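The sequence and structure come first.

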Amino acid sequence: MALANVARAFGSAAQHYDSRAALQQQVGDWLLAALPVAATQVLDIGCGTGHCLARVNAERRWGLDLSAAMLAQTAGKVPDAMLIQADAEQLPFAEGSLDLVVSNLAMQWCPNLQKALNEVARVLSLGGQATITLPLAGSLQELANAWGQGQGHLLTMPDEAAVKLAMPLGARLDVKEFVVHFADLKALRQSLKGVGAHHVPERAKGLTGKTQYHNFVAAMEAQRVALGLPLTYRVGLISWQNAFL
Ligand SMILES: C[S@@+](CC[C@H](N)C(=O)[O-])C[C@H]1O[C@@H](n2cnc3c(N)ncnc32)[C@H](O)[C@@H]1O
């Protein structure tokens, strides 16, 4: 998706984002638990509404996002934050200027993950730490099951091998599964939009479409558990410390 379209999509979602971001909040907790107790200068890339940034302990907090509407939400939540509308692949920071860089479920939107990670490495000071989460291939198995054969391409997310290739030398990748539950397909669809997989059929189109849609809904409902309709995500946490190797 073109950058302008990503910014527009998140712009229109900004106001209701927090109520639909259960996954982002759970994964954000994982990311926050991996951070140092305090930092001097922290940058949150793709900060969204500021959920993570608000909880990082640092003398100076920077939030960066493509979407001005998302940054406006962060401004309300983290009044002391310095906010920048920019692209993760071109960070407007000097080399070695930050001792902590975080990014929660945002880099899956970057057309060139390696370029985005290289930018993080460039702006990290010596001894600085980077902690970045993103969804991985193998996520959303429930949707793949419900669609049946041949629709797997709609769920493309980077696989572990590709992420490892894009990572700077010395970085590690931890992987964890998260299951989120939804009352209905509408809530599930809204949550997916925030993550970047928005190919859940919304209605039947034509006669064949009607049968397919009916089968899809039935197959999703067949997977319902007490907490609701489950969606399982495989999430990667990339981390490294900038040191002389
Ligand atoms: C799924 S939201 C996650 C927001 C936040 N990190 C959280 O945990 O709730 C992804 C965010 O990344 C931003 N984003 C997407 N592509 C970006 C890019 N290339 N550069 C900067 N921000 C980007 C979107 O505007 C959106 O606010």
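## Aromatic pairs

The count of aromatic pairs comes to four, where rings of Phe, Tyr and Trp (its six-membered ring) pair if their centres lie within 6.5 Å, and where planes under 30 degrees apart count as stacked, over 60 as edge-to-face and the rest as tilted. The rings of Trp30 and Phe178 form a tilted pair, because their centres are 5.7 Å apart and their planes stand at 55 degrees. This pair links distant parts of the chain, with Trp30 in helix 2 (residues 22–33) and Phe178 in strand 6 (residues 172–182), 148 residues apart. Helices (H or I, at least four residues) and strands (E, at least two) are DSSP runs, numbered from the N terminus. Trp30 and Phe178 are both buried, a term that means under 20% relative accessible area, with exposed over 50% and partly exposed in between (1.4 Å probe, protein chains only).

Trp62 and Phe93 form an edge-to-face pair, at 5.2 Å centre to centre and with 90 degrees between the planes. Trp62 lies in strand 2 and Phe93 in the loop between strand 3 (82–85) and strand 4, 31 residues apart, and both Trp62 and Phe93 are buried. Ring pairs also link Trp147, Tyr213 and Phe216 into a cluster.

## Basis of the model

The model is predicted, so local features need pLDDT of at least 70 and side-chain atom pairs count only at pLDDT 80 or more, whereas totals for chains, interfaces and linings use all residues. Residues are numbered from 1 along each chain as its sequence is written, and side-chain values use heavy atoms, with hydrogens and water left out.

## Helix 4

In helix 4 (residues 113–123), the buried residues are Leu113, Ala116, Leu117, Glu119, Val120 and Val123. Seen down the helix axis, these buried residues fall within an arc of 150 degrees, so they line one face of helix 4; the arc is that of the directions from the axis to the C-beta atoms. They pack against strand 1 (39–45), strand 4 (98–104), strand 5 (124–135), helix 6 (160–166) and strand 7 (229–241).

Asn112 caps the N-terminal end of helix 4, with a side-chain oxygen 3.3 Å from the backbone nitrogen of Gln114.

## Arg61

Arg61 is found in strand 2 (residues 58–65) and counts as buried because its relative accessibility is 14%. The side chain of Arg61 reaches the backbone oxygen of Val56 at 3.2 Å, and a polar contact of 3.0 Å joins the side chains of Arg61 and Asp80.

Note on methods
Contact means heavy atoms within 4.5 Å. A polar contact is a pair of N or O atoms within 3.5 Å; within protein, one must be able to donate a hydrogen and the other to accept it, and residues adjacent in sequence count only if both atoms are side-chain atoms.
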